[in-house]
Amino acid sequence: MTAEECGAFMGELRIVGTAHVSQKSIDEVRTAIAEFEPDIIAVELDAPRYAALKQQESETEAPGISDILSSGNMTQMLVQWVLAYVQRKIGMNVGIEPGAEMKEAIRLAEEQGIRVALIDRDIRITLSRFWSGMTIREKVRMIYALAISATGVAGEELDIDSLTEQDIVTLALEEFRKFSPNGAKALIDERDAYLAQSLIPLLRGEERVLAVIGAGHLGGVTGYLQNPETLPSRQSLTAEIHRPPWGKIIGVGVLVLFLSLICAILFSGVGTEVLITAFAWWVVINGTLAALGTLIARGHPFSAAVAFSAAWLTSLNPLLAAGWFAAIVEAKIRKPAVSDFKAISKAESISEMSRIPLFRVVLVAALANVGSTLGTFLYFIFIFPLLGIDPTVLITEGFSNIWSSIQTII
């Protein structure tokens with residue numbers, strides 16, 4: 001791409017669109033460097049991923065175990081790990097490590113004394129905006145799709161080299177947008193803009209810039225460089241996404257619904273035995289499913305017992321979660337270490353990953369929370385059949401008696 005083609009820039013740009021697990025892409029990078037003789041090689045990496053690719057320690061220390069447990073972002077962290085694993089699995093199947101073309105570009109740059117520029121957005125910001133931006137429906141579909149991909153169910157033979165062909169890329173991006181519009185925005189559209197913004201300063205001089213980016217970003221980055229006035233601000237691409245706290249809102253709703261049910265039973269005249277039974281079922285259903293989630297995650301029986309004991313209370317408190325308590329116990333038993341982060345990034349199977357203490361702790365937290373949440377919904381669906389009473393009669397009489405009592409007091 002010349003200066004005229006990408007706007008009023010003095011530098012010359014060539015972009016290599018790659019598949020991150022393709023031998024063909026590695027060869028294309030080598031050829032482009034040899035032919036173009038760039039002054040700068042810009043790679044689709046940020047500082048943490050660059051350090052990981054170079055097998056160096058990142059400047060930012062890995063979060064401590066207590067930080068992870070207190071963050072409440074267990075599911076987001078699992079999604080991040082499984083996404084990385086799926087890409088790594090594809091690479092293992094074709095004998096190419098993920099990011100090999102970036103690594104080759106960096107190696108040749110160092111050999112030839114060429115400046116390397118890191119032009120991608122921080123992966124932590126991308127993943128945070130990716131997860132925060134998606135709807136609940138998109139998250140459920142994403143988790144299901146990742147579970148299928150990670151376990152190899154319904155797998156299809158994939159022609160990796162075809163992933164750099166523009167028609168295939170366009171088709172894949174269109175499918176991803178249908179699957180998760182908000183996810184596509186964070187992973188693709190926003191990063192198109194960020195990559196273009198990072199390239200612009202490099203093109204203000206007279207250097208020859210070779211950009212090595214994923215083929216899926218090729219069209220978007222080129223479009224922005226040709227029309228830089230359309231670029232959004234850098235701040236809008238890096239700011240934290242603020243969504244309504246639906247978890248807390250739903251939690252408060254559950255608390256109100258449960259207390260309303262208890263009050264209706266109490267004032268309906270059906271007797272304290274029904275009230276005690278209703279509360280007992282709340283404890284049993286919430287606790288059993290939270291404990292079951294813990295055991296499915298292959299958590300320790302002590303962790304499952306804690307999940308059972310805590311679930312009835314945490315389901316009534318939007319600031320607490322049964323999985324947190326189960327994870328604390330699991331962490332005491334498994335004793336995860338900071339080195340587990342590296343072990344997770346190198347695991348070659350889900351089975352191997354699940355044996356790593358940190359992964360097990362986070363999985364316990366996530367599945368215990370899923371179990372407790374499911375238990376809460378099932379309780380309200382099945383509580384009246386379990387009690388053997390007509391909900392219409394109970395609610396009508398209960399609230400009628402409550403209103404009569406209030407009028408008497410007034």
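Okay, overall picture to begin with. The protein chain has 410 residues, and 43% of them are buried. Its secondary structure comes to 19 helices and 4 strands. If you take contacts between residues at least 6 apart in sequence, 81% of those join residues at least 24 apart. The accessible surface is about 20,900 Å², and carbon and sulfur atoms account for 61% of that.

Since this is a predicted model, a word on confidence. Average pLDDT for the chain is 83, and 83% of the residues score at least 70. There are a couple of stretches to keep in mind. Over residues 1–5, pLDDT stays under 50, and the model has 12 contacts there beyond four places in sequence. Residues 57–61 also stay under 50, with 4 such contacts.

Now, let's go to strand β1. How many of the residues in β1 are buried? It's 5 out of 7, so this strand is mostly covered. β1 pairs with β4, and the two run in the parallel sense over 7 bridges. As a reminder, in a regular strand the side chains alternate between the two faces of the sheet.

Look at Glu 12 in that pairing: standing opposite, over in β4, is Arg 208. Those two also form a salt bridge, with the closest N and O atoms 3.3 Å apart. Glu 12 is in strand β1, residues 12–18, and Arg 208 is in strand β4, residues 208–214, so this pair ties together parts that are 196 residues apart in sequence. Are these two buried, exposed or something in between? Arg 208 has a relative accessibility of 28%, so call it partly exposed. Glu 12 is partly exposed as well, at 32%.

Arg 14 lies in β1 and Glu 35 in helix α1, residues 23–36, so here the parts being tied together are 21 residues apart in sequence. Arg 14 is partly exposed at 30% relative accessibility, whereas Glu 35 is exposed at 55%.

Next pair: Glu 44 and Arg 191. Their side chains meet in a salt bridge at 2.6 Å, N to O. Glu 44 sits in the loop between β2 and α2, and Arg 191 sits in helix α9, residues 181–203, so the pair ties together parts 147 residues apart in sequence. And where are they, buried or exposed? Both Glu 44 and Arg 191 are buried.

There's also a network of salt bridges linking Asp 27, Arg 30, Glu 104, Arg 107 and Glu 111. For the whole model, the salt bridge count comes to 15.

Which residues make the nonpolar surface patch of about 430 Å²? Trp 281, Val 284, Ile 381, Phe 382 and Leu 386. Two elements give two or more residues each: α13, residues 272–296, and α18, residues 357–387. The largest share, 3 residues, comes from α18. Ile 381 has a relative accessible area of 52%, and the cut-off for exposed is over 50%, so it counts as exposed.

Last stop, backbone angles. Most residues other than glycine have a negative phi. Here are two that go the other way. Arg 298 is not a glycine, yet its phi is positive, about 60°. You'll find Arg 298 in the loop between α13 and α14, and it is partly exposed at 44% relative accessibility. The other one is Lys 335, with a positive phi near 55°. Lys 335 is in the loop between α15 and α16. That residue is exposed, with a relative accessible area of 61%.

Note on methods:
Residues numbered from 1 in each chain as written. Predicted model: local features only at pLDDT ≥ 70, side-chain atom pairs only at ≥ 80, totals over all residues. Heavy atoms only, no water. Patch = residues over 30% accessible without salt bridge, like charges linked within 9 Å, V, L, I, M, F, W, Y side chains within 5 Å. Areas by Shrake-Rupley, 256 points an atom, 1.4 Å probe, with all protein chains shown as cover. Salt bridge = Lys/Arg side-chain N within 4 Å of Asp/Glu carboxyl O. Buried < 20%, exposed > 50% of the residue type's maximum accessible area, 1.4 Å probe, protein only. Contact = heavy atoms within 4.5 Å. pLDDT = per-residue confidence, 0-100. Pairing = 2+ DSSP bridges.
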